[in-house]
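This report looks at side-chain contacts in one protein structure. Please keep the sequence and the model in view while reading.

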Amino acid sequence: MVLGIDPVRIGIVTALLVSFGYIWLLAGRGRWYDRLSERFVLGVPWGTLVSITFVVCFYLFAQSGLAYWNAPVTLPFRSWSYFSPIGLLVSGFAHAGPGHLTGNMIGTLVLAPIVEYAYGHYPPQGTTSDYEYPPPGAHGSGSETESAPDSVWARPWVRALVVFPFAVAVVSLLTSVLAFGWSLGFSGTVFAFVGFATVYFPVAAVIAMVGFTGTAIVLNSLLSPVVRATASTSSGPPGWWGVNVQAHLLGFLIGVVLALILLRRRNESRRPSAVFFATVLVGLSRGLYIFTHSPEHDVFLQLRGVGVIFVLGLAIIVTAAVAADDAPLPERLPNISWTPTMKPLAIVWLGAVGVLIWSVWAGTIDRGTIPIFGIGTVPVLLLLLLYPFFPANRPARIGTQLSRRDLFLFAIAFIIGIVLLPSLYTNYVRMGDNPVPDSETITIEGYEITYAEETRHGRLGTNESGLIVVNEKRDIWISAVDKSDLADSGEATVPVGGIGWRDTVTATRHGWNVVGNGSAYAVDLRHDDETIRVFRSPGSAARAQIANKTIAVEPVDDHFRLNVTRGSDILGNVELPSTNETASVGALEFETETVDGTSSVFAQQNGTRVLIAEEE
């Protein structure tokens, strides 16, 4: 995408350069660089740049975004199923379009450097109670570090270009595997940055939220210096309905846990009040309060009050985890004769994981298939998710009393478990028998595309209407374009494909609005030079009659026809005439003409002329 050069865009860039140049001079030129170079090699967050480069390259090349910037391939890159590993592996890096990609990359650019700064390219040195970052030239001088001085993982360039991007990739994998529904996008990882920054640098996190908004405004101003809007009637669900808040919340909690681990490892503390207010402000500003529900078709509820209560409660738990120390809980709590130790809690937790693994195995054996990725990796990922802060991973402490810090870490672990449970269902449901609707289809490299209405979803117990795309090998079943959306637009194109390849199918709806009744319409699919009619609605009869004759519009194989009846008697039919042409059935004559830019069909006999239908 190439931006045009005009005075407004030049003015925006010039204003940015002048503003930041002035602040740089005012702050003392090299002061910023000196501060950043304490933890960044050459003062640059290389890990952030590597992560952004990888995600953008995935969009450009794997999703064919370079050739089709506004219409990338998305279907194979969603986390469809534990039985289809490709989608699970890459869905955290794929995006639905340029707006989706740009928003997540702005968030990464603003927030990831905060996390990378906390981690640091130069390992902190000194004792566990005195972590100080050496100047760049002092690294490797023989001082004690987190790793041995000669360890490859302690080298600044390795930490910057390998360790940090690898950690980002692992978090992206976790959020894609554990996200509810068939997710797509890097936003779960962005929210992990948000959660980490909120705990580790709470003030910087709040400022970053403002910076996030400001950066997006500046970029959008460069892309569209002038915004033109007209009054229109919106259709479809509200914008917040399509936001995967579960994935965002999951990423946020993962970031919180990682920050708590780092604080604990470095024996650092944070001001609880700052963490509390940062969690509340960040949670509300980034929409973690948006709990949704749809009790019936075309009714969408946002449970905002419950969501606000949840964010406040979450802030209390996160703050308590930050403020808690390793002092054990009292041996006797008021009115309770027994306080749990590490051992029973470890047994209960590992037992729950064992039940989960057994249930997945049982369901898989019942279906007669064994997905190596789904069965082997998902439980491992769950254990890896919880291992760093699970007290039983420290054998010497299994018999000790539970500490205050451990208690609140268990509380966060419990919330994570509740958040990720729904995803285990959606990602485990297999394709049903005969998932492709019983109609003509276009087949492209394993994809079957058709149009159907009130057809059974191939994996869920719902009915769907619209442009259906099925790929049984990849466990893909989706209504890619809803019936109402196709009716509004008249035409829609769906890209299918895989890594590095792309193809498209175009659906076109042709229809006539019959006076006093519903529409009669048909849907055609076009691929290359092939066009097939895959759907025909029932005929629709006009309310008006001429000489006791009823006229109905009916879609057939490659055209529409007019059926004429009197009572139960069929008087004849004829192909609906083209614009400025006529046709007749006996004494009844039909004519199509343009009225106010719309093709309209009229019927006339013995001087009586009535409108029958108008083209959609």
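The sections below cover aromatic pairs, charges over rings and salt bridges.

## Basis of the report

The model is predicted, so local features need pLDDT of at least 70 and side-chain atom pairs count only at pLDDT 80 or more, while totals for chains, interfaces and linings use all residues. Residues are numbered from 1 along each chain as its sequence is written, and side-chain values use heavy atoms, with hydrogens and water left out.

## Aromatic pairs

A pair of aromatic rings is described by the distance of the centres and the angle of the planes. Rings of Phe, Tyr and Trp (its six-membered ring) pair if their centres lie within 6.5 Å; planes under 30 degrees apart count as stacked, over 60 as edge-to-face and the rest as tilted. The count by this rule is 15 aromatic pairs.

One of them joins Trp46 and Trp157 in a tilted arrangement, with 5.6 Å from centre to centre and 45 degrees between the planes. This pair links distant parts of the chain, as Trp46 belongs to helix 3 (residues 46-62) and Trp157 to helix 6 (residues 156-178), 111 residues apart. Helices (H or I, at least four residues) and strands (E, at least two) are DSSP runs, numbered from the N terminus. Trp46 is partly exposed because its relative accessibility is 24%, and Trp157 is partly exposed with a relative accessible area of 43%. Here buried means under 20% relative accessible area, exposed over 50%, and partly exposed in between (1.4 Å probe, protein chains only).

Tyr117 is in helix 5 (residues 98-119), whereas Phe201 is in the loop between helix 7 (187-200) and helix 8 (202-223); the two are 84 residues apart, and the pair links distant parts of the chain. Tyr117 is buried, with a relative accessible area of 15%, but Phe201 is partly exposed, at 22%. Both residues belong to a cluster in which ring pairs link Phe40, Tyr117, Phe196, Tyr200 and Phe201.

## Charges over rings

A charge sits over a ring if NZ of Lys or CZ of Arg is within 6 Å of the ring centre and within 35 degrees of the ring normal. The charged end of Arg509 is placed in this way over the ring of Tyr521, 3.6 Å from its centre. Arg609 lies over the face of Phe602, and here the distance to the ring centre is 4.0 Å.

## Salt bridges

How many salt bridges does a search of the whole structure find? The search finds nine, where a salt bridge is a side-chain nitrogen of Lys or Arg within 4 Å of a carboxyl oxygen of Asp or Glu. Among them is the bridge between Glu268 and Arg270, at 3.1 Å from N to O. Glu268 is partly exposed at 28% relative accessibility, while Arg270 counts as buried at 17%.

Arg609 forms a salt bridge with Glu591 (3.8 Å, N to O). This pair links distant parts of the chain: Glu591 is in strand 16 (residues 588-595) and Arg609 in strand 18 (residues 608-615), 18 residues apart. Arg609 also bridges to Glu593, where the closest N and O atoms are 2.7 Å apart. Glu593 is in strand 16 as well, 16 residues from Arg609. Arg609 is partly exposed at 39% relative accessibility, as are Glu591 at 23% and Glu593 at 22%.
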